[in-house]
Amino acid sequence: VKKIAVLTSGGDSQGMNAAVRAVVRSGLFHGLEVFAVQRGYAGLINDDIRPMDLRSVGDIIQRGGTILQTARCKEFMTPEGQQIAADNLRKRGIDGLVVIGGDGSYQGANKLNKLGIKTMGLPGTIDNDIPFTDFTIGFDTAVSIVVDAINKLRDTMSSHERSSIVEVMGRHCGEIALYAGLASGAETILVPEVPFDLTEVSQRMVDNFNLGKRHSIILVAEGVCKGEDIATEITKNTGIEPRVTVLGHIQRGGTPTHNDRILASSLGDFAVRKLIEGESGKGCGIIKGELVLTDIDKVVNTKRGFNMELYELAKRLSQ
Ligand code: F6P
């Protein structure tokens, strides 16, 4: 490849800017021409593509969001849209594309790869729901935000001897709930991957108060149900009225942690080097500290496993 482009797509995540910076600077370092696409796949269709230089990505490593903006683009879902996108890259001689995003973005990269554009996927999502990588870019920051919020909730909940239900993001998966729950000592973690019984959850809350606990925290992943629904059931079962906090998009903002910046920098550089080596149609990831490539086809057709060991650990330690 001689010319490459980079785009961010789907829900943004902290560290996307660090990844864009790494792709641009690594590409330029290796003598490539590097372009940026604005607003994800919508920008490819609308031909919103511009050349980048070293300074275009200055002062962004510490910023949340994405300077390239992002969009969920319906037109790109159609074969016609995908063809226009590929043609817009080709007419500039761009033959490599790095896509930073989640599951839907990977599916787009897979389509473009089949149209002859050499694509690399970087896992950019707070959800940590992409397989073949231990962590996605943004997850570490999102978990830190949730843990910080729970620290604050604990103060007021303990004072009032209340119980708290915290609803966190994760469209189809419980990774944020699991990691934040373990890190903050939540009594109960409700995730879509593990069935649960609300009568037991309610009883546990009563038992905890009887054991002398001054507060009780239930973390619920949005993929399970609304925190309010859990609260209603618990009140029915116990008479206790838990307070519900929905953290929402707060979890997607703010400065990325050093872990996310380092992950984004390593993966961005890795993607460029692999494109230069002739790789294409791959997702980049990190497994046990090693950078790895996996066929995008395989990534989009595999469901990420759930770490039951961590889940059981959180349960044992929260008694
Ligand atoms: O995929 C990231 C994510 O933040 C999910 O956790 C959440 O369900 C979804 O995006 C929210 O999407 P939107 O920003 O479109 O409301």
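**Close-up 1. Ile100 meets Leu122 where β4 pairs with β5.** In β5, Leu122 is the bridge partner of Ile100. Six bridges hold these parallel strands together (two strands pair if DSSP finds at least two bridges between them; strands are DSSP runs of E, at least two residues, and helices runs of H or I, at least four, numbered from the N terminus). From β4 the chain goes through α4 to β5, a right-handed β-α-β crossover (clockwise from first strand over helix to second, with the strands pointing away from the viewer). This is a predicted model: local features need pLDDT of at least 70, side-chain atom pairs count only at pLDDT 80 or more, and totals for chains, interfaces and linings use all residues. Residues are numbered from 1 along each chain as its sequence is written.

**Close-up 2. β5 is mostly covered.** Six of its six residues are buried (20 or more other C-beta atoms within 10 Å of a residue's own; exposed means 12 or fewer, partly exposed in between; C-beta atoms are placed from the backbone). Lys118, Met120 and Leu122 point one way, with Thr119, Gly121 and Pro123 going the other. Over in β10, Gly283 is the bridge partner of Gly121, and β5 and β10 pair in the parallel sense over two bridges.

**Close-up 3. β1 runs parallel to β4.** Five bridges join β1 (residues 3-8) to β4 (residues 96-101). Thr8 has Ile100 as its bridge partner in β4.

**Close-up 4. The whole sheet is open and has seven strands.** The order reads β3-β2-β1-β4-β5-β10-β11, with mixed pairing. At the edges sit β3 (49-51) and β11 (290-295), each pairing on one side only.
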